[in-house]
Amino acid sequence: MTLQIKSIEQYQEAYDKSVEDPEGFWAEQASTFLWRKKWHTVLKNDFITPDVQWFVGGKMNITENCLDRHIATRGDQDAIIWEPNEPDEPSVHLTYRELLAEVNKCANALKSFGVKKGDRICFYMPMIPQVAIAILACARIGAIHSVVFAGFSANALAERIKDSQCKVVICSDYNRRGPKNIPVKDVVDEAVSMGCDSVEKVLVFQSTGGKVMWEPNRDVWWHDAIKGMSKECAPEIMDSEDMLFILYTSGSTGKPKGVVHTCGGYMVYTSYTFMNVFQYQEGDIYWCTADVGWITGHSYIIYGPLLSGATTLMFEGVPGHPDAGRFWHICEKHRVNQFYTAPTAIRALMAAGYNAPNSYDLSSLKVIGSVGEPINEEAWHWYDEKVGRGNAPIVDTWWQTETGGIMITPLPGITDSKPCFASYPLPGIQPCILDANGIELTGNEVEGLLCIKFPWPSILRTTYGDHERCRSNYFAAFPNMYFTGDGAKRDTDGRYRIIGRVDDVINVSGHRIGTAEVEDAIDQHSGVVESAVVGYPHDIKGQGIYAYVKAHHEVIDEDHFRREILAVVTKEIGPIAKPDIIQFVSQLPKTRSGKIMRRILRKIASGESDSLGDTSTLLNPECVEELKAGALV
């Protein structure tokens with residue numbers, strides 16, 4: 001099993017070794033896994049091209065390490081506990097032996113469709129055990145999974161299917177989410193009809209039994225596909241650098257980026273971080289509340305826990321259904337030991353039921369975590385007092401889709417924690433803070449741009465089909481550095497605090513939304529001339545979306561026009577990208593070269609109209625007073 005740090009002395013020793021001898025350090029971690037053939041080179045390091053490879057020449061299959069190697073010692077231990085949307089329905093328990101059998105049956109079903117190594121499979125699924133089973137089935141046979149959050153629109157889904165040329169789409173009939181049954185099969189049908197010619201089969205799990213449209217030559221029910229399939233399926237032997245999955249994330253330009261992660265390095269890093277950040281012990285019950293449509297679900301619901309032989313809990317529903325005590329009821333019911341959620345959920349539950357956790361026995365909790373965005377101090381203290389009750393340390397984790405795993409975090413019971421600070425880098429992670437000119441700011445009490453100096457095993461390898469985009473986005477800004485796109489500060493004790501994106505990406509409820517993507521959607525409305533989108537502080541979401549919209553004609557019924565714009569954004573991207581505020585304007589502030597001066601728009605949206613800075617370079621400075629007068633914050 002992965003080596004686990006147990007003291008501050010061991011942390012310092014591991015960190016020092018990981019910097020002084022990174023290849024030796026990571027080879028030691030990798031040696032705890034099952035390899036069909038050992039690597040001949042630990043690391044190929046090129047941050048320029050970029051071309052980073054780990055455990056070069058190594059052969060393995062990640063599912064053998066998630067499942068097969070555990071059967072002898074923990075075959076009858078729960079691998080997955082599933083908690084359904086409705087609290088009065090029974091939980092589902094899948095042991096490691098049962099999970100392996102289900103994965104193999106699904107893998108054989110995919111092979112019967114003609115799926116082979118390297119084919120791409122798209123997922124549009126609810127949080128049910130079958131999503132984990134099918135993801136692992138893809139990895140079992142060397143197919144590349146591309147999971148799309150089942151809240152994106154048909155347009156957004158189609159765009160991702162076409163970009164990766166997916167051969168199969170796996171979905172459910174409906175997605176049960178709180179009081180709603182969402183017709184996800186309808187969304188898939190619409191998406192596939194939008195020129196997704198690569199799709200040969202749509203595999204549908206019957207989640208609710210609701211009525212769906214059916215294309216008999218293309219659509220297959222899950223239960224029919226796995227019927228009679230063998231519980232044995234030999235794992236495809238993969239190269240360490242073979243592609244494991246593609247996960248799309250919003251960028252500062254309109255088109256989502258397909259972040260690519262590979263098999264070997266991702267396996268080593270997710271297991272190492274899971275075991276250390278959550279201090280998982282044999283017999284613990286671990287629960288991450290994320291959706292598998294995001295990287296957190298990949299790394300810390302499926303791969304990290306299962307690689308570590310853990311019991312991982314999956315939840316189908318939402319935190320407020322049927323009431324604000326649902327999360328705490330589940331923690332009590334299953335005696336959860338490690339709990340990992342998002343600040344958005346914490347703030348929403350705090351607002352909906354400030355004292356709700358008091359009604360539940362949360363004494364089993366040993367570690368409580370936060371992910372997706374920096375957690376504000378008020379929420380941190382509520383989480384600490386009401387949920388952790390001073391006994392469960394908070395791990396406020398910083399990482400990204402592109403990093404594959406947690407990078408900066410406290411280690412519970414080992415390092416200290418401080419509200420609003422992600423704290424210290426994990427072994428193997430070498431962060432630095434640069435000024436705008438790329439000069440490293442040494443020492444403490446500095447603020448600037450957060451970069452990473454040296455590769456770690458789960459660093460992204462490319463953006464699918466567009467390596468130049470990967471280079472220009474992450475490696476071109478500063479030579480021999482990975483640029484995170486985040487600003488950060490370092491305090492007197494060397495802790496890191498993340499202070500937000502420095503590019504045109506808004507962090508909404510922990511989900512990155514590209515401003516250009518939202519603007520493109522708004523501009524689809526025939527009545528819109530142009531728009532500009534910025535983030536602003538939001539009590540629940542952390543950041544909300546504020547849209548400034550210039551219309552072709554004078555807007556008479558603003559509410560009606562807003563509803564139309566929101567409908568367009570929902571259709572083009574999905575409800576997650578809907579602006580919270582839409583302000584109609586006669587003009588946008590522009591420089592003489594025609595560029596929108598977003599700094600001014602951000603200040604106004606944030607209620608900082610008295611500190612707009614120099615506006616003399618504007619082509620149309622007269623618009624500023626109109627923008628301030630019409631502000632909706």
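Tyr 482 is buried, its relative accessible area being 0%. Buried stands for under 20% relative accessible area, exposed for over 50% and partly exposed for what lies in between, with a 1.4 Å probe and protein chains only. The model is predicted, so local features need pLDDT of at least 70 and side-chain atom pairs pLDDT 80 or more, while totals for chains, interfaces and linings use all residues. Residues are numbered from 1 along each chain as its sequence is written, and side-chain values use heavy atoms, without hydrogens and water.

**Aromatic rings**

The whole structure holds 41 aromatic pairs. Rings of Phe, Tyr and Trp (its six-membered ring) pair if their centres lie within 6.5 Å; planes under 30 degrees apart are called stacked, over 60 edge-to-face, and the rest tilted. Two of the pairs are set out here.

| Pair | Centre to centre | Angle between planes | Class |
|---|---|---|---|
| Phe 274 and Phe 278 | 5.8 Å | 45° | tilted |
| Tyr 474 and Tyr 482 | 5.7 Å | 15° | stacked |

Phe 274 and Phe 278 are both buried.

Arg 160 places its charged end over the ring of Phe 152, 4.5 Å from the centre. Over the face of Phe 421 lies Lys 418, at 4.3 Å from the ring centre.

**Glu 402**

Glu 402 belongs to the loop between strand S20 (394-396) and strand S21 (431-434). Helices (H or I, at least four residues) and strands (E, at least two) are DSSP runs, numbered from the N terminus. With a relative accessible area of 0%, Glu 402 is buried. Beyond its neighbours within four places in sequence, its contacts (heavy atoms within 4.5 Å) include Lys 257, His 261, Tyr 474, Tyr 482 and Arg 512.

**Helix H5**

Helix H5 covers residues 96-112, and its end C-alpha atoms are 24 Å apart, in agreement with the 24 Å that its 17 residues should span at 1.5 Å a residue. The expected span is 1.5 Å times one less than the number of residues. Since 12 of the 17 residues of H5 are buried, the helix is largely enclosed by the rest of the structure. Among the buried residues are Tyr 96, Leu 99, Leu 100 and Val 103. Just after H5, Gly 114 has a positive phi of about 90°.

Technical notes. A charge sits over a ring if NZ of Lys or CZ of Arg is within 6 Å of the ring centre and within 35 degrees of the ring normal.
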